[in-house]
Amino acid sequence: MPSIEQILEDREICICAGSGGVGKTTTSAAIGLGMASRGLKVCVLTIDPAKRLADSLGLEELGNEATRVDPGLLSEHQINGDGELWAMMLDAKETFDALVARHAEDAEARDRVLDNRIYQQISNALAGSQEYMAMEKLFEIHSEGRFDLLVLDTPPSRNVLDFLDAPKRLTQFIEGRSLQMFIRPTGFAARVAGRGTGVVLSVLKKIVGFDLFADLSEFFNAFSGMIDGFRDRAHRVSSLLGDEKTCFVVVCGPQGEPVDEAVYFHSKLMENEMNFAGVVVNRVRYRFGTKVPKLRELTDRIDSELDDSDLAERIARNLIEYDALAVRDAKNIARLTDSLEDEPIIRVPYLDTDVHDIDGLAEINRYLFGTEEERSRLATG
Amino acid sequence: MNWGIPDFLKKRLLFVTGKGGVGKSTVAIAMGIRAALEGRRVIVCEVASSENASRIFHQAAVGFKEVELANDLWAISIDPEDAMKEYVLFQLKVKAMRDLLFRSRIFTYFAAATPGLNELVTIGKIWELTQLDRKVKHGRKYDLVIVDAPATGHGISFLQTPRTFANIARVGPVHNQAMQLETMVTDAEQTGSVIVSLPEEMPVNETARLESELAGDIGLAVDRVIMNALYPDRFPAGDRRAIKRLVSSDDPDVRAGGRAALSQSRRVAAQNEQFDRLKDMVSAPISTLPFIFRPEVDLHAARRLAEELE
């Protein structure tokens with residue numbers, strides 16, 4: 001099994017994908033730190049930074065612009081060399097506003113959109129807008145060429161397609177024929193939409209209310225001048241995702257559900273011809289041995305060393321329960337290995353404490369950047 | 001089992017929220033099981049568009065139809081498209097008009113072009129389920145509706161939808177519907193919420209933030225914070241020295257026992273630290289649920305948790 005360093009060789013973008021609560025943010029930060037310590041200039045783009053972790057990296061004021069982690073802080077932890085670690089927090093709304101400002105013909109057109117209530121809803125709530133804005137920012141920073149590697153911590157989603165489809169969905173929404181309909185409900189587009197359009201519109205207006213209808217229409221009118229700019233941009237953002245410089249690392253946990261999701265993510269990434277680089281499985285319970293004895297026998301053996309049968313039984317019971325979960329993890333990972341054929345799978349053990357500082361990230365990196373043998377040895381002693 | 005119905009299960013509508021991966025769906029089901037055991041007629045709703053795939057729902061093949069999971073315990077998965085169709089059905093009594101609308105592409109365009117419409121019709125369906133006089137023909141009556149709501153981020157915008165729509169559509173039917181839903185969400189007598197958390201840093205932070213957003217911005221009562229998956233504290237500090245001695249034993253199984261016990265007690269300490277932070281950070285009453293030592297958290301596990309709820 002290769003290490004994360006080998007996986008990321010010659011890549012400029014690493015997208016960490018996965019469902020919520022699997023440790024994506026920590027993994028992204030650890031990859032960023034590890035690659036920086038190997039001499040690269042790295043920027044980690046995150047959605048929701050863990051406050052304690054950000055604080056410990058001296059990044060109290062993380063915003064929509066990249067901030068550098070103090071090299072002095074890194075060298076305190078024996079991380080030296082030419083590498084640099086930067087981080088930024090993605091703000092979907094701010095990115096969207098900036099995008100509108102970029103494509104608007106003039107200040108008036110810009111404000112018409114920014115002030116529109118429908119726009120304010122979309123920029124927050126439209127499915128995929130957060131995902132798209134993450135990519136948009138990634139694209140912007142990548143095109144500036146300031147960094148060797150960008151690590152993107154994606155918004156949690158059930159479906160990796162939410163992410164992959166985001167540019168398409170956004171442009172479809174903005175440029176769609178629906179738009180034509182609202183702008184010129186009696187024109188050519190209405191005739192294409194089928195007979196009885198007038199009747200349908202009046203039925204719809206009746207259900208919905210004229211007011212909301214008028215607002216939507218106004219929004220699309222305000223947006224019409226920006227369509228080409230948006231479409232062109234989304235197209236370029238989309239092709240960056242599929243570029244050979246970009247790769248996806250799927251992050252998951254060892255339980256059945258997260259593993260199923262990882263398998264699904266993998267198949268969708270392949271279908272969409274994206275570069276799948278590997279899976280990081282966090283919080284894996286490694287087995288301490290091959291087979292744990294039965295409760296009675298184990299209790300006796302521990303008791304013979306402790307001379308405290310009550311404590312011996314608690315210790316034995318604890319190991320048996322731990323081992324049952326370790327067996328489950330091993331089974332799930334075996335299933336993952338089968339489904340992914342030869343793709344790299346990196347197991348990071350369930351550590352005794354939460355990771356919230358540089359030392360914690362460095363601890364994780366002993367696994368992420370180690371060989372499979374090193375990982376097993378570290379985890380099981 | 002803790003006998004008697006926990007206070008928060010006496011409401012009519014409960015939204016269960018929390019960060020992704022905290023066990024929200026399992027807790028929602030456990031709440032449902034418990035309320036049903038206490039004699040309430042319950043339905044648990046999954047919001048199909050949310051990012052949490054619930055295994056229990058999947059295994060029971062729950063769809064837009066109300067399905068019975070156990071005695072007095074029902075389940076439904078609310079798909080926004082179905083909810084939209086049902087909404088139109090209630091609005092347009094004339095079948096020909098409905099057919100005309102459904103056949104027309106304009107309707108599809110409109111549905112796609114209106115941000116938040118999916119969320120609105122989903123909450124509309126939840127409202128319909130809470131009604132004792134159901135709009136759905138031969139609809140069952142429920143005493144308690146439990147919603148497995150979308151995880152944080154999306155959860156907040158989900159619950160905000162009625163107010164946003166009430167503002168966007170200043171007059172007309174959508175405005176009136178949205179106002180009605182807004183009233184339902186903010187009615188602290190009947191409606192409340194439960195935030196599920198884990199004894200880890202990020203979920204604890206998220207819980208505190210969520211509580212202030214729900215109670216403050218949204219105006220939804222937070223009845224309970226549930227600290228999920230707490231490890232049993234098996235090894236008091238006095239055991240530490242004995243356990244450490246085992247780590248250098250010649251017997252590999254004994255060594256493994258020592259290491260596992262040591263890890264366990266460190267994790268308990270880390271959990272307690274986070275639990276203490278939570279107590280300082282939230283104002284709603286906190287209940288706890290134990291970590292379930294089972295390979296998969298299934299309906300059996302949910303039953304055990306149901307008994308532990310207090």
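Me: Which residue is the bridge partner of A:Ile15 in strand 5 of chain A?
Reply: The model is a predicted one, and the pairing is read from it on that understanding. Strand 1 (residues 13–17) of chain A runs parallel to strand 5 (residues 149–153) of chain A, and four bridges join the two. Within strand 5 of chain A, the bridge partner of A:Ile15 is A:Leu152.

Me: What is the strand order of the open sheet of eight strands in chain A?
Reply: Chain A has 20 helices and eight strands, and the pairing in the open sheet is mixed. The edges are strand 3 (67–68) and strand 8 (345–349) of chain A, each of which pairs on one side only. Read across the sheet in chain A, the order is 3-4-2-5-1-6-7-8.

Me: In chain B, which residue of the hairpin of strand 3 and strand 4 takes a positive phi?
Reply: Strand 3 (residues 67–70) and strand 4 (residues 73–78) of chain B run antiparallel and are joined by three bridges, with B:Trp74 in strand 4 of chain B as the bridge partner of B:Glu68. The hairpin has two residues between these strands of chain B, and the positive phi, near 65°, belongs to B:Asp72.

Me: Is helix 2 of chain A roughly parallel or roughly perpendicular to helix 19 of chain A?
Reply: The axes of helix 2 (residues 24–36) and helix 19 (residues 358–368) of chain A come within 9 Å and cross at roughly 80°. Because angles of 65 to 115 degrees are put in that class, helix 2 of chain A counts, relative to helix 19 of chain A, as roughly perpendicular.

Me: How many charged residues are in the contact of helix 2 of chain A with helix 19 of chain A?
Reply: Helix 2 of chain A contributes A:Thr26, A:Ala29, A:Ala30, A:Ile31, A:Leu33 and A:Gly34, while helix 19 of chain A contributes A:Leu361, A:Ile364, A:Asn365 and A:Leu368. The residues of this contact divide into seven nonpolar and three polar, and the number that are charged is none.

Me: Which helix of chain A gives the largest share of the side that touches chain B?
Reply: The contact takes 67 residues from chain A and 62 residues from chain B. Several helices of chain A each supply at least two residues of that side, among them helix 13 (197–208), helix 14 (210–223) and helix 18 (309–340). By class, the side of chain A has 33 nonpolar, 18 polar and 16 charged residues. The largest share, 11 residues, comes from helix 18 of chain A.

Definitions and conventions
Residues are numbered from 1 along each chain as its sequence is written. Chains are lettered from A and ligands numbered from 1 in the order in which they are written. This is a predicted model: local features need pLDDT of at least 70, side-chain atom pairs count only at pLDDT 80 or more; totals for chains, interfaces and linings use all residues. Two residues are in contact if their C-beta atoms, placed from the backbone, lie within 7 Å. Ala, Val, Leu, Ile, Met, Phe, Trp, Tyr, Cys and Pro count as nonpolar, Asp, Glu, Lys and Arg as charged, and the others, Gly among them, as polar. Two strands pair if DSSP finds at least two bridges between them. Axes are lines fitted to C-alpha atoms, for helices over the stretch in contact, and angles run from 0 to 180 degrees between N-to-C directions. Angles under 35 degrees count as roughly parallel, over 145 as roughly antiparallel, 65 to 115 as roughly perpendicular and the rest as oblique.
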